[in-house]
Amino acid sequence: MGAVAATPAVIDQLGETAELMLAELDRVCAEMDAAVIEVAPVLASDPVLEAELSASERANLRRFLTGLARRDGRPPPVDVPPEALDIARTIVRRGIELEVIFYGYRRAHRVAWRHWLGFAARAVPPGPGLV
């Protein structure tokens, strides 16, 4: 079964939501950083790790949101931003358990999803379109 093409109205709603979230990217990323460090405090034990964590989250989220904000119906890019590869490499080089990155990404995704739903509620009227 193939993917269903989004209607122009849905593409526009996704784009509006993405633009709202991009406008508050600093705040959202700061919350993501804090949430990740809560479950993976080792990432705050070194300024390099902490900077790479923040850069990775920002690059991933910006890439996703920018793709939606284009409103051209194309999916966001699927390649991995260099910043995400940087932190993965650093974690491996330092012998930190890989679960740290998995737990961190899961926590960051939850924060991003919560924000996405809040911005969507601002961009889309209540009802079936919001769902």
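Guide: A nonpolar core is a set of buried Ala, Val, Leu, Ile, Met, Phe, Trp, Tyr and Cys residues joined through side-chain atoms within 4.5 Å. Buried, in turn, means under 20% relative accessible area. The model shown here is a predicted one.

The protein chain has 5 helices and 0 strands, and from the N terminus on its elements run α-α-α-α-α. Along the principal axes, the C-alpha trace spans about 45 × 30 × 25 Å. Of the 131 residues in the chain, 36% count as buried. Among contacts with a separation of 6 or more, 74% are accounted for by residues 24 or more positions apart.

In soluble globular proteins, nonpolar side chains tend to be buried together. The largest nonpolar core of this model holds 29 residues, and the members that touch the most other members are Met-21, Met-32, Leu-43, Leu-61, Leu-65, Ile-91 and Trp-116. Two or more residues each are given to this core by helix H1 (8–23), helix H2 (25–39), H3, H4 and H5. The greatest contribution is that of H5, with 8 residues.

With a relative accessibility of 12%, Trp-116 counts as buried. Leaving out residues up to four places away in sequence, Trp-116 touches Leu-14, Thr-17, Ala-18, Met-21, Leu-65 and Leu-68. Two of these, Met-21 and Leu-65, are named with Trp-116 among the core members that touch the most others.

Trp-116 also takes part in an aromatic pair. A pair of aromatic rings is described by the distance of the centres and the angle of the planes. A search of the whole structure finds 1 such pair. The rings of Phe-64 and Trp-116 have centres 6.3 Å apart and planes at 65°, so the pair is edge-to-face; planes over 60 degrees apart fall under that description. This pair links distant parts of the chain, since Phe-64 lies in helix H3 (residues 47–69) and Trp-116 in helix H5, 52 residues apart. Phe-64 has a relative accessible area of 38% and is therefore partly exposed, whereas Trp-116 is buried.

Thr-17, one of the residues that Trp-116 touches, is found in helix H1. Its relative accessibility is 2%, so Thr-17 counts as buried. Setting aside neighbours within four places in sequence, Thr-17 is in contact with Trp-116, Phe-119, Ala-120, Ala-123 and Val-124.

Thr-90 has its place in helix H4 and counts as buried because its relative accessibility is 7%. Apart from neighbours within four places in sequence, Thr-90 is in contact with Leu-49 and Glu-52.

Side chains of opposite charge can pair when their charged atoms come close. The structure holds 14 salt bridges. One of them joins Asp-26 and Arg-58, with the closest N and O atoms 2.8 Å apart. That pair also links distant parts of the chain: Asp-26 is in helix H2 and Arg-58 in helix H3, 32 residues apart. Asp-26, at 54% relative accessibility, counts as exposed, while Arg-58, at 24%, counts as partly exposed.

Another salt bridge is formed by Glu-24 and Arg-27, where the closest N and O atoms are 2.6 Å apart. Glu-24 is partly exposed at 24% relative accessibility, and Arg-27 is partly exposed at 38%.

A further salt bridge joins Asp-86 and Arg-89, the closest N and O atoms being 3.7 Å apart. Both residues lie in helix H4, 3 residues apart, which is about one turn of the helix. Asp-86 is partly exposed at 34% relative accessibility, and Arg-89 is partly exposed with a relative accessible area of 42%. Elsewhere, salt bridges that share partners join Glu-24, Arg-27, Glu-31, Arg-114 and Arg-122 into one network.

The chain exposes about 7,900 Å², of which carbon and sulfur atoms supply 63%. Val-92, Leu-98 and Phe-102 make a nonpolar surface patch of about 280 Å².

Definitions and conventions
Residues are numbered from 1 along each chain as its sequence is written. This is a predicted model: local features need pLDDT of at least 70, side-chain atom pairs count only at pLDDT 80 or more; totals for chains, interfaces and linings use all residues. Side-chain values use heavy atoms; hydrogens and water are left out. Patches are made of residues with over 30% relative accessible area and no salt bridge: like charges are joined within 9 Å, nonpolar side chains (Val, Leu, Ile, Met, Phe, Trp, Tyr) within 5 Å. Accessible areas come from the Shrake-Rupley method with a 1.4 Å probe; for residues, only the protein chains shown count as cover. A salt bridge is a side-chain nitrogen of Lys or Arg within 4 Å of a carboxyl oxygen of Asp or Glu. Helices (H or I, at least four residues) and strands (E, at least two) are DSSP runs, numbered from the N terminus. Buried means under 20% relative accessible area, exposed over 50%, partly exposed in between (1.4 Å probe, protein chains only). Contact means heavy atoms within 4.5 Å. Rings of Phe, Tyr and Trp (its six-membered ring) pair if their centres lie within 6.5 Å; planes under 30 degrees apart count as stacked, over 60 as edge-to-face and the rest as tilted.
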